[in-house]
Amino acid sequence: MISANNVTLRIGKKALFEDVNIKFTEGNCYGLIGANGAGKSTFLKILNGQLEPTTGSITITPGQRLSFLQQDHFKYDAFTVLDTVIMGNQRLYDIMKEKDAIYMKEDFTDEDGIRASELEAEFADMDGWNAESDAATLLNGLGVENEHHYDMMSDMPGALKVKVLLAQALFGNPDILLLDEPTNNLDLDAIAWLEEFLITFDNTVIVVSHDRYFLNKVCTHIADIDYAKIQLYAGNYDFWYESSQLMIRQMKEANKKKEEKIKELQEFISRFSANASKSKQATSRKRALEKIELDEIKPSSRKYPYIDFRPNREIGNEVLSVDGISKTIDGVKILDNVTFTVGREDKIAFVGSNEFAKTTLFKIIMGEMEPDEGTYKWGVTTSQSCFPKDNTQIFDTDLVIVDWLTQYSEIKDATYVRGFLGRMLFPGEDGVKKMRVLSGGEKVRVLFSRMMIEGSNVLILDEPTDHLDMESITALNNGLIKFPGVLLFASRDHQIVQTTANRIIEFLPNGTFIDKVTSYDEYLENDEMARKRQVYTMAITDQKDN
């Protein structure tokens, strides 16, 4: 168990948390949620001892081991992948290294023998003989293949390095596990594996994530940070959302009835307070009026943008044909004879672990990259807006937001453009912020503003939820569901894919693809059945061979 006891954290004059008391108990998974800037990551740092609260304390059950997901991706560059994972249990790793150092001695003494014996006993108690195989199992589950297990961390690409650090946090069955955005930069297969791992994990988990589907799958409780407090709810994210909204509605309805009663009492008092025959009744109503207290409904720190993609023209039957497109980059086949046709009602999610293939295809059909082979053709009634995965060049400008956005508007009027910015949580003077100083989330919202202003009937989005908070992701999800045009998109957000796509194209590691008209959950279910059939067939074949 881990608990916060009267924890307050002040940054300057602002209290990020005030007198927080909360217990996280064994066998539960807690989703820590709140608006951007509410202090989710900060609270995790307080729990793991990286940050001291202004007042209050953190208590951990004696003897329990706490593990957390490291955010410094360069911290372990001097170590191998396998050693990095095992360092998730630092005591076990230290024992392994001390044992090795003793056995390497040329002048092995009796004292060394005694010390080695003590270490071997502790090593066995910690199941050390299975450490490497356990670490390898975690790595393989997250998609880090055996060929990389003895590579140096400094040589690992960023996407794989993230998976190694996640495996490190999970290693050795920690009693308390703290995970800050563990699904960031994970492919959907790795996310699905992590979900199953956490569902069967018996100890305490506290996780920060913007992935609503993930929180629904793994969480038994939601810890909501708002108003500088943390309120605990039993159930997953959807249950929290419904119950919190219901609570607000009930408070508003109760206040409305109280306000009506107050008005009624005030009218009676005003009318009859000077009437001698009614004076007792007026006095009684004054006392009743004094007892009525309205429920305090504090303004939430959560802000929902309004995302509404409206096409300026209806799309025709011919949308996009892709014929035999292939692309090799740095000697690697990224796309191999990709061919498909897009219909006017298609909402296509491009999935699979080969993320480079999706980005490459989007760049090709948007004219930003030439294919080695093959062609593509857009229908004459189509207009396209693209949300790129890498927006670095777009924001490398000295223009302010409103001037940059006006370039894409047929109506060259600052007030008109500011209307779109207001919907995307850029009120008033925020519109004159310079493009190059915007945060990750602000950049995403500016790009959504551009897409709304352009009014295209085909939207191409490459991982649009990166850098977004939960509220913006929800708003985007609703906007994509309502969009009447064609969608071509890649997203790690399971809920967006499931609720939006009616067709799935999965890119395989060799550059080929699978194309199915189906929902995402049905696709995954059929894919799992196919994998089980493959395993069963291999097992039968092995039996016959033996």
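This is a predicted model: local features need pLDDT of at least 70, side-chain atom pairs count only at pLDDT 80 or more; totals for chains, interfaces and linings use all residues.

Biologist: How many aromatic pairs does the count come to?
Modeller: Rings of Phe, Tyr and Trp (its six-membered ring) pair if their centres lie within 6.5 Å; planes under 30 degrees apart count as stacked, over 60 as edge-to-face and the rest as tilted. By this rule the count comes to 21 aromatic pairs.

Biologist: What is the geometry class of the pair F387 and F448?
Modeller: A pair of aromatic rings is described by the distance of the centres and the angle of the planes. For F387 and F448 the centres are 5.4 Å apart and the planes are at 35°, so the pair is tilted.

Biologist: How far apart in sequence are the parts that F387 and F448 tie together?
Modeller: Helices (H or I, at least four residues) and strands (E, at least two) are DSSP runs, numbered from the N terminus. F387 belongs to strand β14 (residues 384–387) and F448 to helix α14 (residues 440–454). The pair therefore ties together parts separated in sequence by 61 residues.

Biologist: Are F387 and F448 buried or exposed?
Modeller: Buried means under 20% relative accessible area, exposed over 50%, and partly exposed in between (1.4 Å probe, protein chains only). F387 has 3% relative accessibility and F448 has 0%. So F387 counts as buried, and F448 likewise counts as buried.

Biologist: Which ring does the charged end of R450 sit over?
Modeller: A charge sits over a ring if NZ of Lys or CZ of Arg is within 6 Å of the ring centre and within 35 degrees of the ring normal. One such case is R423, whose charged end is 4.7 Å from the centre of the F420 ring. For R450, the charged end is 5.1 Å from the ring centre, and the ring is that of Y408.

Biologist: Which element gives the largest share of the lining of the largest pocket?
Modeller: On a 1 Å grid over the protein atoms alone, a cavity is a set of points where a 1.4 Å probe fits but cannot get out, and a pocket is an open set with protein on both sides within 12 Å along at least five of seven lines; lining residues have an atom within 4 Å of a point. The largest pocket is lined by 38 residues, with E355, F356, T359, K389 and D462 nearest its centre. Elements giving two or more residues to this lining include β11 (332–342) and α11 (355–365). The largest share, five residues, comes from α11.

Biologist: What is the volume of the largest pocket?
Modeller: Grid points are joined across faces, edges and corners, and a volume is the space filled by probe spheres set on the points. For the largest pocket this comes to about 1,000 Å³.

Biologist: How many residues of the lining of the largest pocket are charged?
Modeller: Ala, Val, Leu, Ile, Met, Phe, Trp, Tyr, Cys and Pro count as nonpolar, Asp, Glu, Lys and Arg as charged, and the others, Gly among them, as polar. The lining divides into 14 nonpolar and eleven polar residues, while the charged ones number 13.

Biologist: Which element supplies the largest share of the lining of the largest cavity?
Modeller: The structure holds three cavities of 30 Å³ or more, and the largest has about 90 Å³ of space. Its lining takes at least two residues from each of α7 (188–199) and α17 (520–545). The largest share, four residues, comes from α17.

Biologist: Which backbone nitrogen does the side chain of S326 reach?
Modeller: S326 is in strand β10 (residues 320–329) and is buried, with a relative accessible area of 3%. At 2.8 Å, its side chain reaches the backbone nitrogen of N337.

Biologist: Where is E463 found?
Modeller: Most residues other than glycine have a negative phi, and most peptide bonds are trans. Phi of E463, however, is near 55°, a positive value. E463 counts as buried at 3% relative accessibility, and its place is the loop between β15 (458–462) and α15.

Terms used:
Residues are numbered from 1 along each chain as its sequence is written. Side-chain values use heavy atoms; hydrogens and water are left out. A polar contact is a pair of N or O atoms within 3.5 Å; within protein, one must be able to donate a hydrogen and the other to accept it, and residues adjacent in sequence count only if both atoms are side-chain atoms.
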